Each structure stands twice: as structure tokens, then as C-alpha cells.
Amino acid sequence: MEKNKLDVVLGLQWGDEGKGKVVDVLTPSYKMVARFQGGPNAGHSLVFGGDHFVLHTVPSGVFREGTVNVIGNGVVIDPVILLEEILAIEKMVGSITDKLVISKRAHLILPTHRMLDAASEAAKGKSKIGSTLKGIGPTYMDKTGRNGLRVGDILTPEFQDKYNALKKKHQGLLAQYDFQYDITDYEKQWMDAIEALKRFPFIDTEVYVNQALENGTPILAEGAQGSLLDIDFGTYPFVTSSNTLTAGVCTGLGIAPSRVGNVFGIFKAYCTRVGSGPFPTELFDEDGERLRQIGHEFGATTGRPRRTGWLDMVALKYTVMMNGVTDLIMMKSDVLDTFDTIKVAVAYEENGKTITDFPYDGGEHVKPVYKEFPGWKTSLSGLRRYEDFPEAFKQYISFIEKETGCRIKIVSVGPDREATVVR
Ligand code: GDP
Ligand code: IMO
Ligand code: MG
């Protein structure tokens, strides 16, 4: 018998593709939205009714009526950041106590994890990853190293002892760095936040999600970061510390691969990246600066300017393949409105050789081979029907569909919920 499946939204580039907006737009068709990896390194923006909101740990379904939001076991949680976020949401929409559940198996980011992240990055100097400094790497290290502290531990009598033991271990590690720190204030906030979060159910979300699936509840899994930041298949070592691909949905929520239904792969009509690492189509010229200014390409979590460049089909085809994408969603098309010519990398060149498969090193030394498209030179942002799109833009869409073998189901033409064209 065919089993019920859940759908997935995830980013196909280096993050910040617009996942928050898309999840918010799709949520009315779902009753549950679940985050499966990452943590407060994520910044997911939602824009509606003139308001702008950035979510870090809470799933992007939280602003829709009748939706339960799940923080899955694959997520890492900083209680201070999570509580701040919850209180800000509640200021807008009232209590969300009955709209949010948290996995007992999710790992906690300790104040000392953040210090370790900062110390490690400072020690790396020029070769730093460009981490968001939220303690993500050290927390996942403790998870795989089997030292971590989990949400479920909060409810046990040994919690304080376990916390102290892990903190002590971290202090030993920090002593090896030339790094000054003081966590007194943050630690107090952290303990207070832990107390305050106890009003939310800490549960076995894997059972909860599987039962919901069994009962026919429509569920959407929300990815964080992007496929090219995946710990295994991204541009290692300039990646995050979790599996951002569809595969991560299974381990990060506890559902079987056969339970994965539609995979909505999101990409920008161009590319951005924040932090260090290879970026074959990166622009250092006026076009790059225009993309950054028109697209407001500044980090939603750190405020850092994002690096910008043209769309990269070599990378996109790779991530479509790795995720088993069933439908594509193209974001920020409106940012290209004023360009005379739009370029897309269709291959790379290295040492006189043409490369069409995404390379192991992320294309550190390659030169992109571009195909050029005439710009549409009209504003897309007011359009709501595919039929009304200019011909040149439709050509751009068709080319991407042909190359990836995947239909573009949704085109986003502005940050607001409403600025969305569904085909
Ligand atoms: P996420 O991390 O994938 O959720 O993406 P971010 O929120 O970090 O970054 C996406 C940015 O683009 C946010 O500022 C959004 O408000 C904005 N955005 C989303 N879709 C569109 C679009 O179609 N056009 C424009 N101009 N901005 C968009
Ligand atoms: P969302 O969900 C863009 C990047 C950081 C850095 C690298 C490692 O908003 O798309 P980490 O803090 O995870 O150790 O940083 O990954 N990075 C992101 N870039 N969007 C994100 O999330 C990111 N989360 C992490 O800039 O290069
Ligand atoms: Mg973001």
C-alpha cells in the first residue's frame, strides 16, 4: 500500500535562496512544518503585510494559522536565541505555546561552544571558514564525538552536572588558544532561557512526525543553509557541519527515505555566498555590486555583505541531482530586471580542459564558460501570471528547465508573500 509522504523545501546554492519566503507561501497547504538540521546560523526572512521578520530556529510556518512547527532532532539549539525569537514572534501573533514542539534529541549549543567557534576561527586567520560564530561546528562535533548535551537532558536531575562537565571540557580546549573570553552574562541568560523554554513540549518528534504522516497530516520539511554548504557534498571545508541535502531530512527528523515525496529545490536567478570558499561565477565588477545593491544581499543573521555572481548551471545540475529535486522554485528574478545581458555558466575550464561535472574542490581554480541571454528590461515585481512574463524572461526559464530536466513550478518576483507566480 502506498504510504503518505512529506514534502521538502531546501536551498540548492550556498544558502539564503529564499527558503523562509517559500515555506511561508506553501504553508497553507500543510498542517506541520519541520526543521531538520542547522541552527541559529540560519536566517530565514518572511515579508507580509508590511512587516519583515527573520527566523533562525523556529520553522517558517509559525505565522500561519493552524500549523504545528517542529524543531527536529537534527537541529542544534541555542536557548538564548530561540527564546528571543519566540518572544518576538509572540509580540506579533500572541502565544505560540501550542504551535511549537521541540525534539528531545536536538543538541544544545552551550555558551562555550560559541567561544570555541570564535577561538577556532580566530586561530585559522586567513583560511577561516567565515562561520556565523553561533557555535554550530563545535556543537555538531560534540554530537558526533558523543559528548553533546541534548534537550531531553534538561528534564533529568543530572542536567547541571552534565552541563558542568561539558563546560569544563571546553574550558580545557579553550586554554589551548590565545583567546580571551567571558561567558558569565551569557551563561546566566542561557540558564534562564532553558527554564523559560520548559513551557514547550520536549518530545520524541520522530514518533510525532511519523504518526502525523500515518494520519495523513500534510507535512513540509524546511531546510536551512544550502546544498553547496553540505558537510559531505558541499565545497568542503568551507561548509556548515550538517547534511543540508534531502538525505538530511531522514536523519534529522527520523523518517524513512520512502516517506520523502516532493522535493522543492530553491535557487536564486543568480548566485550569492557569504563566508569564505570557492565561488566559480563570483563577480568583482560593477555587475556584482549591482546584484548586491538591488538584491539587498546582506546577511540576515550576520549583516555581512554577500558575495554575488551569475547563475551556475554546473553547480545547479549537481545539487538538483543530489537532492532528487522534483520541482524547482526560482527566487529574486526581479533583481535581474535592469540588466542588459544576463550570463549563466554552462561549463568550467581548467588547464585547457572543459569541465561539466561539479568538481571535488568546488571549482577553486576554474574559469566559467558563459552563455549570454538578453535582459528583459521590464519590471517583473507586479506580475502575478506566467503568461504575462516578458518573452526574454520565459526564454531564461525554459533554458534552466531544459538544462536541469526539472520544471520551475514557482517564480518569485519580490520579497513579499504576494509577489509569487505559481504555474
Ligand atoms: P533564506 O535563508 O533562504 O530564507 O533566505 P534569506 O531570508 O536569508 O535571504 C533571502 C532575501 O531575499 C530576504 O531578504 C528576502 O526577503 C528576499 N527575497 C526573497 N524572495 C525574493 C524575491 O523574489 N525578490 C526579491 N527582490 N527579494 C526576495
Ligand atoms: P540560511 O538558512 C548562508 C555559511 C557561513 C559560513 C559557513 C559555515 O539562512 O540559508 P557555520 O556558522 O554554519 O559554521 O558557517 O556556512 N552559512 C550560511 N550561509 N545562509 C545560511 O543559512 C548559512 N548558514 C551558514 O557563512 O560560510
Ligand atoms: Mg538566510
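A residue is called buried under 20% relative accessible area, exposed over 50%, and partly exposed in between, with a 1.4 Å probe and protein chains only. The model is predicted, so local features need pLDDT of at least 70 and side-chain atom pairs count only at pLDDT 80 or more, while totals for chains, interfaces and linings use all residues. Residues are numbered from 1 along each chain as its sequence is written, chains are lettered from A and ligands numbered from 1 in the order in which they are written, and side-chain values use heavy atoms, with hydrogens and water left out.

**Exercise 1. Describe the shell of residues around ligand 2.**

Step 1. Find the neighbours. A residue is near a molecule or strand if one of its heavy atoms lies within 4 Å of it. There are 21 residues around ligand 2, and Asp16, Lys19, His44, Thr132 and Thr240 come nearest.

Step 2. Sort the shell. It divides into 8 nonpolar, 10 polar and 3 charged residues. Here Ala, Val, Leu, Ile, Met, Phe, Trp, Tyr, Cys and Pro count as nonpolar, Asp, Glu, Lys and Arg as charged, and the others, Gly among them, as polar.

Step 3. Check the backbone. Oxygen atoms of ligand 2 lie 2.7 Å from a polar backbone atom of Asp16, 2.9 Å from a backbone N or O atom of Gly43 and 2.8 Å from a polar backbone atom of Gln225.

Step 4. Work out the cover. Taken alone, ligand 2 exposes 550 Å², and the protein buries 97% of that; accessible areas come from the Shrake-Rupley method with a 1.4 Å probe, and for residues only the protein chains shown count as cover.

Step 5. Examine one neighbour. Thr240 sits in the loop between β10 (219-222) and α8 (247-253) and, at 10% relative accessibility, counts as buried. Its side chain makes a polar contact with the side chain of Asn41 at 3.3 Å.

**Exercise 2. State which residues come nearest to ligand 1, and how much of the ligand the protein covers.**

Step 1. Of the 20 residues around ligand 1, the nearest are Gly18, Lys19, Ser45, Asp334 and Ser412.

Step 2. Backbone N or O atoms lie 2.7 Å from an oxygen atom of ligand 1 in the case of Lys19 and 2.8 Å in the case of Gly43. A nitrogen atom of ligand 1 is 2.8 Å from an N or O atom in the side chain of Asp334.

Step 3. On its own, ligand 1 has 580 Å² of accessible area, of which the protein covers 92%.

**Exercise 3. Explain why helix α10 is described as largely enclosed.**

Step 1. Helix α10 spans residues 313-323; 8 of its 11 residues are buried, so it is largely enclosed by the rest of the structure.

Step 2. The buried residues are Met313, Val314, Ala315, Leu316, Tyr318, Thr319, Val320 and Asn323. They pack against β1 (6-11), β11 (260-268), β14 (311-312), β15 (327-331), β16 (341-350) and α11.

Step 3. Inspect the ends. At the N-terminal end, Asp312 caps α10, with a side-chain oxygen 3.0 Å from the backbone nitrogen of Val314. Gly324 follows α10 and has a positive phi, near 60 degrees.

Note on methods. Polar contact = N/O pair within 3.5 Å; in protein donor to acceptor, adjacent residues only side chain to side chain. Helix = DSSP H or I, 4+ residues; strand = E, 2+ residues; numbered from the N terminus. Contact = heavy atoms within 4.5 Å.
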